[in-house]
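Visitor: I'm new to this structure, and I'd like a close look at a single part of it. Could you pick a loop, take me through it, and then show me how other parts compare in kind?

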Amino acid sequence: MDWRSHAVNQCAQLHPYIPGKPVEQLLREKGLSEAIKLASNENPYGPSPSAIAAIRNFAAEVHRYPDGDSGELKAALAARHGVNSNQILLGNGSNEVLELIIRTFAGAGDEVIYSARGFIVYALAARAAGATGIAVPEQDGLTHDLPGMLDAISPRSKIVCIANPNNPTGSLLKHAELQAFFDALPRRMIILLDEAYHDYVRAETGESIGVLQHPGLMICRTFSKAYGLAGLRIGYAIADAGILSLCNRFREPFNVNLLAQQAALAALNDADWVAEKVGESRQQRQRLQDFLAELNLLGAASHGNFVLLRHAQATEIAQQLENHGIIPRPLAAYGMPDWLRISVGTADENTQFISAIQKIMNELLEA
Ligand SMILES: *Cc1c(COP(=O)(O)O)cnc(C)c1O
């Protein structure tokens, strides 16, 4: 078999992740001079000033390899979360951490269980690992069906993945529900609890690290959302040290770059900035949801830094938004063709989104 047919065989089952459209692409396509990206749930306020300063300070050091163990950052995270440094696994985005976990604990013949409308990376990583993905439909189309996920477990099931809050549906499970689910799971299983949006709900749920319990529990966090470092790619998992020592065997030696380590450390220490921006995003989320509800466009209440628009002509609305220089995220890939996910932007960006939607809906009514 030559390399081409080998690659074709390897990739036949892999569908590429489709990211939100980059601003530059929309500008080219529409001949616009400005556009707003509300497609990827980034922090719209930019990185914390101390993270920017750290990047500047360490720019002259990038001829050196980074600390392959991310020791300083691990120590800071360990102190923050009340765990040991060997209970932390850092990755090139939490995406790499999710992949490392799935690759370490599931292979051919094993099953990975997730929600049908869960974060799509779990399905992609399971397939890439040669494992069988089991997608469990949501009870109400939005919320993880925990009893259904328990029913789906077989002796071959190795990992169950849950995002809380979930992306793209915005649903949130209470800690009591999650703990009851964990108690019913076999002790031998790995639980991948993806808390990318934890900062946006901690006021309601409280802390999960050190509270939720299961021997195989792996809690994943990211610096891409509330911490404003999506472009640097850095995230982490907190779990039992023995579990992580296995994942570390699959990890490449310098997977987290030097600027990412230093910026994350600075951002972590700028807690006031994070709290302030999370507070603003939560207010703006309420504003957007109130607006969508008024126009009968609110698909569901979201607990992430995004809102959910639902309308039979969602595809048309998405195209019109792009004509107005606003990039939404259509959810057709999740079997939700009537839905758009809109990231919460700055107050200004949201004002522009609101006025664009008002125009678009008026035109749709007149047509
Ligand atoms: C955005 C997001 C992540 C974060 O991915 P990174 O690779 O850390 O940028 C992880 N999980 C979910 C559910 C997300 O929405």
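Guide: Let's go to the loop between α3 (49–59) and α4 (71–81), because that's where you'll find Ser70. Keep in mind as we go that this is a predicted model. Ser70 has a phi near 45°, which is a positive value in a residue other than glycine. Is Ser70 buried or exposed? With a relative accessible area of 2%, Ser70 counts as buried, because the cut-off for that word is under 20%.

Now hop over to Arg233, which also has a positive phi without being a glycine: the value there is near 65°. Arg233 sits in a loop too, the one between β7 (217–222) and β8 (235–238). Its relative accessible area is 30%, so Arg233 is partly exposed.

An oxygen atom of the ligand lies 2.7 Å from a polar backbone atom of Ser94. With Thr222, the side chain is what to look at: one of its N or O atoms is 2.6 Å from a ligand oxygen. For Ser224, a side-chain N or O atom is likewise 2.6 Å from an oxygen atom of the ligand. On its own the ligand has 380 Å² of accessible area, and the protein covers 92% of that. And if you're wondering about the space the ligand takes up, that's the second largest pocket.

The bond from Asn167 to Pro168 is cis, with omega near 20°. Pro168 lies in the loop between β5 and α8. Pro165 is found in the loop between β5 (157–163) and α8 (175–184) as well, and the peptide bond from Asn164 to Pro165 is cis too, with omega near -5°.

Gln262 is in helix α11 (residues 258–269). Leaving out neighbours within four places in sequence, Gln262 is in contact with Ala54, Phe58 and Glu72.

Definitions and conventions: Residues are numbered from 1 along each chain as its sequence is written. This is a predicted model: local features need pLDDT of at least 70, side-chain atom pairs count only at pLDDT 80 or more; totals for chains, interfaces and linings use all residues. Side-chain values use heavy atoms; hydrogens and water are left out. Helices (H or I, at least four residues) and strands (E, at least two) are DSSP runs, numbered from the N terminus. Contact means heavy atoms within 4.5 Å. A polar contact is a pair of N or O atoms within 3.5 Å; within protein, one must be able to donate a hydrogen and the other to accept it, and residues adjacent in sequence count only if both atoms are side-chain atoms. Accessible areas come from the Shrake-Rupley method with a 1.4 Å probe; for residues, only the protein chains shown count as cover. On a 1 Å grid over the protein atoms alone, a cavity is a set of points where a 1.4 Å probe fits but cannot get out, and a pocket is an open set with protein on both sides within 12 Å along at least five of seven lines; lining residues have an atom within 4 Å of a point. A molecule sits in a cavity or pocket if more than half of its atoms lie within 2 Å of its grid points. Buried means under 20% relative accessible area, exposed over 50%, partly exposed in between (1.4 Å probe, protein chains only).
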